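Please read it alongside the sequence and the coordinates.

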Amino acid sequence: MFHRPLTSAARAASRNLRVVPARTFATEAPVSAARNHKVVVVGGGSAGLSISHQLLHSGKFNAEDIAIIDPAEWHHYQPGWTLVGGGLKTTQELRRPMKSLIDPKLKFYNDGVATFAPENNFVTLANGDKIGYDQLIVAPGLTVSPSSVKGLPEALANPDAPVSSIYTYDTASKVFPNIKKFEKGTAIFTQPAGVIKCAGAPQKIMWLALDHWKRAGLYDPSNPSSSPININFATGLPVMFGVPKYNAALTQMQKERGVNALFQHDLVEVQGNNAIFARPDGTETVTKRFDFLHAVPKMGSPAFVKNSPLANAGGFVDVDDATTRHKKFGNIWSAGDASSLPTSKTAAAVTSQAPILVRNLLQVLEGKQPDAAYDGYTSCPLTTEYGKVLLAEFKYGPEPKETFGGLFGINQAVPRRSFYHLKKDFFPWVYYTHMVKGNWAGPKGWIN
Ligand code: UQ1
């Protein structure tokens with residue numbers, strides 16, 4: 001067993017973690033001894049793994065100085081689920097056993113977090129164990145909630161219902177069979193109002209499906225009204241995309257391809273073949289009949305974050321937009337989907353956030369001020385058809401920040417085959433071979 005002297009913060013934490021005498025609560029198991037780490041990372045997703053391994057590579061930590069907490073058995077490459085919906089990959093090939101991705105020098109607690117105690121520097125696991133820390137990184141991601149839409153869980157679970165979603169592991173593999181089965185009638189693709197992972201994905205899957213039906217002779221973009229299939233994009237938002245430059249390209253595409261856009265239509269209920277949408281004023285609802293539905297549930301931060309002292313009003317871990325450091329607790333940090341960082345939630349964003357967080361945390365451990373600033377970089381490689389991707393890349397503003405823009409006069413709002421291969425082949429490869437291992441900083445390339 002590895003031993004090291006406790007730091008003052010860890011000592012303070014351990015004082016608060018005294019073992020409760022079993023005889024006091026004869027019916028309860030005794031609380032196990034406290035464990036302390038220099039850094040505790042909540043979440044073994046894209047952010048948690050990148051950050052843990054980048055910290056480890058700094059050379060400033062010994063075995064088990066850093067701990068990761070995550071209840072999951074599997075780690076999923078979620079950016080690939082759009083390709084699963086398009087019939088190009090399987091969910092099984094995109095996942096890895098969580099344990100296989102964690103360096104043996106990191107302590108892994110394969111359990112969920114129940115509560116935070118930021119004043120006393122420990123977290124309590126679902127099993128009741130208390131884990132103390134000097135520095136805490138909170139990166140548990142977003143929770144996808146199919147039950148946020150009435151009737152949706154039942155429709156998704158029914159193998160005969162023409163209702164599917166790329167947004168969960170269990171339902172992503174239903175999407176392509178449904179696309180293939182569909183020959184006639186009204187297709188609706190939805191996007192909720194509110195924060196979701198990868199805000200471009202709800203239309204990525206629509207563009208792939210449109211292309212499939214076009215190739216099958218079931219949809220003619222130049223003459224949609226005489227086609228057997230008609231296609232609707234029902235979004236809670238007022239536009240196709242939140243960044244003006246890419247919105248212009250995608251709105252033109254929507255019009256040219258004969259897609260009927262229903263803006264500010266927020267799916268609230270699925271009832272048989274009817275989809276019911278809320279409108280912004282909150283009074284009227286709109287009901288649309290469908291023969292094919294791709295639904296995107298609402299999402300939010302996990303309850304143990306939302307109901308904690310760490311959360312802002314929206315439920316996200318309340319960190320500084322530039323440093324990623326918590327606004328109230330100086331030894332707490334956050335990156336990824338559960339953070340309050342006001343940018344689009346993607347794995348690409350994590351490639352930029354992780355090195356900033358790591359640099360700033362190491363500065364603080366040395367008694368210095370955080371000096372690295374995140375600019376809001378994020379990206380959305382948006383499939384517009386089989387073989388083409390529009391590579392939206394932007395930062396706070398939102399303003400474009402294109403890696404290849406300007407090079408040879410490339411305009412990333414124009415879909416390209418090379419971007420498609422980045423999305424389909426390069427990103428999934430670099431993700432598992434380098435990013436989760438702490439060696440990939442996205443547009444900045446390899447670390448070290
Ligand atoms: C990226 O690094 C990455 O992760 C491996 C993605 O996939 C999730 C991306 O979508 C993007 C855009 C990047 C950024 C890297 C480059 C080279 C633009």
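## The pair K327 and D318

In this predicted model, K327 and D318 are joined through their side chains by a salt bridge, with an N to O separation of 3.5 Å. K327 has a relative accessibility of 54% and therefore counts as exposed, since the cut-off for that class is over 50%.

## The pair R289 and D291

A salt bridge also connects the side chains of R289 and D291, where the N to O distance is 2.9 Å. The two partners fall into separate accessibility classes: R289, at 52% relative accessibility, counts as exposed, whereas D291, at 24%, counts as partly exposed.

## The pair K38 and D65

K38 and D65 form a salt bridge whose closest N and O atoms are 3.6 Å apart.

As for accessibility, K38 is partly exposed, its relative accessible area being 23%, whereas D65 is buried, with a relative accessible area of 0%.

## Network and total

Salt bridges also link K60, E366 and K368 into a network. For the structure as a whole, the count of salt bridges is 14, and those described here include the pair R289 and D291 as well as the pair K327 and D318.

Methods. Residues are numbered from 1 along each chain as its sequence is written. This is a predicted model: local features need pLDDT of at least 70, side-chain atom pairs count only at pLDDT 80 or more; totals for chains, interfaces and linings use all residues. Side-chain values use heavy atoms; hydrogens and water are left out. A salt bridge is a side-chain nitrogen of Lys or Arg within 4 Å of a carboxyl oxygen of Asp or Glu. Buried means under 20% relative accessible area, exposed over 50%, partly exposed in between (1.4 Å probe, protein chains only).
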